[in-house]
Amino acid sequence: MKLHIALLTLAFAAATGAQAEEKKAPTPQQEKMKACNADAKGKTGDERKAFMKECLSAKPAAAAAASTPQQEKMTTCNADAKGKTGDERKAFMKECLSSKS
């Protein structure tokens, strides 16, 4: 009987330890949400909604600085292709992305 109690105690301790391990540090997205929420204090309705959308979609400065020339080219070509659709856009993007600049 003492053996069963000891085993149950051991199993309970292991389960409790596993639960404690699950409570890890917040993810970067959770940290970002926390910071944006704090910055949005005092804003309500559509103003808060717009602020939160902008804040949560903003890239960190380090990630923005790490963009490659190809990514920059894609961003520029995408902006220049505004208003073009279908085959016209496809041809424009192909030409724009393949050009040397």
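Residues are classed by relative accessible area, where buried means under 20%, exposed means over 50% and partly exposed lies in between (1.4 Å probe, protein chains only). The structure is a predicted model, in which local features need pLDDT of at least 70 and side-chain atom pairs count only at pLDDT 80 or more, while totals for chains, interfaces and linings use all residues. Residues are numbered from 1 along each chain as its sequence is written, and side-chain values use heavy atoms, with hydrogens and water left out.

The secondary structure comprises six helices and zero strands, where helices (H or I, at least four residues) and strands (E, at least two) are DSSP runs numbered from the N terminus. The order of elements from the N terminus is α-α-α-α-α-α. Of the 101 residues, 9% count as buried. The accessible surface of the protein is about 8700 Å², and carbon and sulfur atoms account for 61% of this area; areas come from the Shrake-Rupley method with a 1.4 Å probe, and for residues only the protein chains shown count as cover. Among contacts (heavy atoms within 4.5 Å) between residues at least 6 apart in sequence, 28% join residues at least 24 apart.

L10 is located in helix 1 (residues 2–22). L10 is exposed, because its relative accessible area is 57%. Together with L3 and L7, L10 makes a nonpolar surface patch of about 330 Å². Patches are made of residues with over 30% relative accessible area and no salt bridge, with like charges joined within 9 Å and nonpolar side chains (Val, Leu, Ile, Met, Phe, Trp, Tyr) within 5 Å. A salt bridge is a side-chain nitrogen of Lys or Arg within 4 Å of a carboxyl oxygen of Asp or Glu.

K43 lies over the face of F51, at 4.8 Å from the ring centre, and K84 lies over that of F92, at 4.9 Å. F92 is also 12 residues from D80 in sequence, with a C-alpha to C-alpha distance of 9.1 Å. D80 belongs to helix 5 (residues 69–80) and is partly exposed, because its relative accessible area is 46%.

Technical notes: Lys NZ or Arg CZ within 6 Å of the ring centre and 35° of its normal.
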